[in-house]
Amino acid sequence: MYLNIVFLPLLGSIVSGFFGRFLGVYGSCLITVFCVGLTFSLSCLSFYEVGLAGSSTYLSLMTWLESDSFHVEWAFCFDSLTVVMLIVVTFISTLVHIYSIEYMAEDPHLPRFVSYLSLFTFFMLILVTADNFVQMFVGWEGVGLCSYLLINFWFTRIQANKAAIKAMIVNRIGDFGLALGIFTIFMCFGAVDYATVFAFAPQLTSCTLSFLNIKLGALDLIGVLLFIGAVGKSAQLGLHTWLPDAMEGPTPVSALIHAATMVTAGVFLLARCSPLLEYGSGALMLISVVGGMTAFFAATTALVQNDLKRVIAYSTCSQLGYMVFACGLSNYSVAVFHLANHAFFKALLFLSAGSVIHAVGDEQDMRKMGGLRRLLPFTYAMIVVGSLALMGMPFLTGFYSKDVILETAYAAYSVPSHFSYWLGSAAAFCTAFYSIRLIALCFLVEPNGSRKLLLSASEGGKAMGFVLGLLAIPSIFIGYFSRDLFIGLGTDFWGGSLFCLPSNLSLIDAEFMSTFLKILPLCFSIAGGGLSFIVYRYYTHNIYFWKTSIVGRKVYTFLSRKWFFDKIYNEFVSQNILDFGYHFTYKSIDRGLVESLGPFGLSNLLIGQVQQSRVWHSGYLYHYLVVFVWGNLFFCLWFLFGFPSLRVGVLLLFCTLWLTL
Amino acid sequence: MDFIHFFFSYPFYYLLLVWGGVVLNRTNIVVVLMSLELALLSVSLNFIIFSVCLADLIGQIFAIFILIVAACESSIGLAIILVYFRVRGSIRIDQASLLKS
């Protein structure tokens, strides 16, 4: 059963990928949906067995790499953390599969699409079920690859190609950090499997390593390197630029990437490595600060985006920031709880957005929508549910996890935690603002789209409606139902899968916070949402004047250009690297050193010298005889005296004679 | 230097003469052939001197063989020169450079 969980999606992917043209669209969709759906039901069973009944499972298939003390196995470990991820991944993936059957119905390459989706799911399952870092890395790279294939699904579009390459390369930067982290782990622990590494983590607290000539604590270094991997995958500040561009893929792909798979891998990695990170306080501090900044940055950027999917993309980035700083403040269970909740309502939001885009003829610009409330009532309801859950409105899913994150951040009582708390609260304000803005621009304001589009706008069919309806249920209820299970005080659900040093524990302190501070983020949210609603409902005409005022224009430009991150990266990083690549490595080394000194230079030199040495063959007998006589004489002398070192001298003599000819 | 050693130096001088005739001579190919005869003579002279010095008869037998070989060689050489002259109408060495570089 447990192996089926991992390998069924692979089976579906292979069948629909290689035999899709024989099976036809209907057949390949049926097979992949069946495989992934079966995986989901098996995941539910494993959730019962592992999570609720408390019997962690470990499966060892075979040895993969064995070289001296380096020992890697193909092994799967199913503990509480894994089964939570399994449920999330397979549930969302199943729904996305069903959704894409209808959403992509007019696409001629649907078998390829569902094959990629299943492969994506497979690699994500490999990632979460891995028992060692190397196998986890297989999944890690695999989801990167599949994200490339999926973002690039409409490969005839240049924008999609560029976005896919960007996603791949920016992810690869993070993967480099992760790989270094794994190397460091092997160097320090001599093992790469979780059990050994985590068991010996406390022994290495005083160990130091020299990295780039800087002396760092070994666990700090490992934590930072692993975090760099998570930064790439989870689109944290610095390597976040790929995420908004990844919107070029089809909408179900965005839902899968942003909700359940891919970006959650970074948070999963941090949660999985909790026994390691706990002993590296410096790394934890960095993680919380970067997470807090990401949450704030992405939330402010989303305020002014006009692309429907980009707004949701930045909100993903922002929510991931919440999860990461929760990890940085040692509240791993809270982070994973938020991850699971976020997966549901973000999938709902993305798929609803897909429904909207589908209805208005693939128009993604919110400024050209408006007035869709009457035309798409069901989608409207779904997007409201998703947005309210995202804003953390009371008693919806997002509320339970997000408020706990902020509470524990305040309760941790350290500089980075309070930094994250205030940035997170400000982000909560922005989150509510842009969520309501999205709803208002799409549904509430007077119609701005063309008449033709609005006349033809209609709800999606049964499959899309079914998926959205099904996702709305966990978006409303799952936080309430699973709160006590995941983050209740003294819950034993996590078993040994998450670890938190007693000194870092702040869940209990959070219970004694003043009510004012507890409801402060909620007040921010309500204020942001209310402000946005009023502005976009009643003052739409004034927005233009605010935006074109002197201050407004500066702020607007700053935010809509994404804090100039892309500009700075393009001008100072990418451009310099490309210049370096062209001028130095290509022109100087490849064309210069290698060509003029290496093979080409050598052969040119040889040809030149050979041309010159043809002079020796003058055709005159007496010239040949001179050479003959001198050669004879020379060899006579050589054999007579036979100096060993003479050979070198003779060789040099010959060479100089030959070259000076 | 005793008498016999004085004889030893003769073949060497012959040889120098040969080198001069072969290398420095740039016109007449018959002179080259003559120089080669000289070289073979010097070699056989050497053989004979050594045979006398070492009281061994093999050197003199060798000298007779060398005489035979020299006779054959010069006859073949002259024949080649003859054929060459028929084709080219000249036996100058410095004009025989068809196979250059």
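## Burial and aromatic rings

A residue counts as buried under 20% relative accessible area, as exposed over 50%, and as partly exposed in between (1.4 Å probe, protein chains only). Trp494(A), at 7% relative accessibility, is therefore buried. Phe486(A) is buried too, with a relative accessible area of 6%.

Rings of Phe, Tyr and Trp (its six-membered ring) pair if their centres lie within 6.5 Å; planes under 30 degrees apart are stacked, over 60 edge-to-face, and the rest tilted. Over all chains there are 42 aromatic pairs. In one of them, Phe486(A) and Trp494(A) have ring centres 5.4 Å apart and planes at 40°, so the pair is tilted. One aromatic cluster includes Phe296(A), Tyr314(A), Trp563(A) and Tyr569(A).

## Interface of chains A and B

Counting contact as heavy atoms within 4.5 Å, 11 residues of chain A and 12 residues of chain B take part. The buried area (accessible area, 1.4 Å probe, that two parts lose on being put together, summed over both) is about 1,100 Å², with 70% from carbon and sulfur atoms.

Zero salt bridges are found across this interface, a salt bridge being a side-chain nitrogen of Lys or Arg within 4 Å of a carboxyl oxygen of Asp or Glu.

## Basis

This is a predicted model: local features need pLDDT of at least 70, side-chain atom pairs count only at pLDDT 80 or more, and totals for chains, interfaces and linings use all residues. Residues are numbered from 1 along each chain as its sequence is written, chains are lettered from A and ligands numbered from 1 in the order written, and side-chain values use heavy atoms, leaving out hydrogens and water.
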